[in-house]
Amino acid sequence: MSEKYDKYSDEELISMLRQGEHEIMDYLIERYKEMVRTKARAMYLMGGDTDDLIQEGMLGLFKAVRDYSPDKAAAFHTFAGLCIDRQMYKAISSSNRQKHQPLNTYVSLCNEQEEPALAQLWVENPEAIVIGRESARDLEKRIQKALSAMENQVLNLYLHGYGYVQIAGKMGKNPKSIDNALQRIRGKIRQCVEEARRQD
């Protein structure tokens, strides 16, 4: 099924979906599932549950397909990323009751070019965009400094989609040691976020 849709752009696919080709929704989910997983992995390190966040991300993708307007300037890819971000961040903020936990922290960890999405999220407060980007860079440096060389390598591989067993294979380590490293990384990231928040 997927091959017949490969030649179409996202925008064309959404137009076809709205004309009744309902199987396109499955195709779009398949096309964007890796984006959702990548974002969920970064959010996990900020304190979320990966499986729950993937479900929230898929919900955000559904909303993006439903609400996307082709006559807008933003491409669907950008709009979908924004909707996925919003849905995940809303879920993690609600579960942790940390309404001031900065989304830019996640964008920094995710290592994607998502600044337009960040700007759209904070369009009501332009000053926060500048402050947020600076805070993201500062926090990223703080995290890199807090982590050992081995932990930084594990984090980089993890955020690129590798599981702890795969990381262990790449690094020639025991899988258990990689699993332990990820837990240490998660704790250190939380500590860095808390320290940054106290200094704001």
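Glutamate 11 has its place in helix α1, where helices (H or I, at least four residues) and strands (E, at least two) are DSSP runs, numbered from the N terminus. The model is a predicted one, in which local features need pLDDT of at least 70 and side-chain atom pairs count only at pLDDT 80 or more, while totals for chains, interfaces and linings use all residues. Residues are numbered from 1 along each chain as its sequence is written, and side-chain values use heavy atoms, with hydrogens and water left out.

With a relative accessible area of 26%, glutamate 11 is partly exposed; buried means under 20% relative accessible area, exposed over 50%, and partly exposed in between (1.4 Å probe, protein chains only). Leaving aside neighbours within four places in sequence, glutamate 11 is in contact with Tyr68, Ala75 and Phe76, contact meaning heavy atoms within 4.5 Å. The C-alpha atoms of glutamate 11 and histidine 77 are separated by 9.1 Å, although these residues are 66 residues apart along the chain.

## Overall make-up

The protein has 10 helices and 0 strands, and from the N terminus on its elements run α-α-α-α-α-α-α-α-α-α. Of the 200 residues in the protein, 42% are buried. Among the contacts with a separation of 6 or more, 62% are accounted for by residues 24 or more positions apart.

## Packing of α1 against α3

Two packed helices are described by the angle between their axes and the distance between the axes. Helix α1 (residues 10-18) packs with helix α3 (residues 50-67) at an angle of about 80°, the axes being 10 Å apart; axes are lines fitted to C-alpha atoms, for helices over the stretch in contact, and angles run from 0 to 180 degrees between N-to-C directions. That angle makes α1 roughly perpendicular to α3, since angles under 35 degrees count as roughly parallel, over 145 as roughly antiparallel, 65 to 115 as roughly perpendicular and the rest as oblique.

On the α1 side the contact is made by Ile14, Leu17 and Arg18, and on the α3 side by Val65, Arg66 and Asp67. These residues divide into 3 nonpolar, no polar and 3 charged, where Ala, Val, Leu, Ile, Met, Phe, Trp, Tyr, Cys and Pro count as nonpolar, Asp, Glu, Lys and Arg as charged, and the others, Gly among them, as polar.

## Nonpolar cores

The largest nonpolar core has 28 residues, and those with the most contacts inside it are Leu13, Ile24, Leu61, Phe76 and Met88; such a core is a set of buried Ala, Val, Leu, Ile, Met, Phe, Trp, Tyr and Cys residues joined through side-chain atoms within 4.5 Å. At least two residues of this core are supplied by each of α1, α2 (24-45), α3 and α4 (76-96), and the largest share, 10 residues, comes from α2. A second, separate core of 20 residues includes Leu147, Met171, Leu182 and Val193.

Methionine 88 is found in helix α4 and is buried, with a relative accessible area of 0%. Apart from neighbours within four places in sequence, methionine 88 is in contact with Val36, Lys39, Ala40, Met43, Leu53, Glu56 and Gly57. On the same criterion, isoleucine 24 is in contact with Tyr5, Leu13, Met16 and Leu17.

## Aromatic pairs

A search of the whole structure finds 4 aromatic pairs; rings of Phe, Tyr and Trp (its six-membered ring) pair if their centres lie within 6.5 Å, with planes under 30 degrees apart counted as stacked, over 60 as edge-to-face and the rest as tilted. One of them is the tilted pair of tyrosine 5 and tyrosine 27, at 5.6 Å centre to centre and 55° between the planes. Tyrosine 5 lies in the segment before α1 and tyrosine 27 in helix α2, so this pair ties together parts that are 22 residues apart in sequence. Tyrosine 5 counts as buried at 1% relative accessibility, as does tyrosine 27 at 7%.

Tyrosine 32 and phenylalanine 76 form an edge-to-face pair, 5.5 Å centre to centre and with 90° between the planes. Because tyrosine 32 lies in helix α2 and phenylalanine 76 in helix α4, the pair ties together parts that are 44 residues apart in sequence. Both tyrosine 32 and phenylalanine 76 are buried, and together with Tyr68 and Phe79 they form one aromatic cluster.
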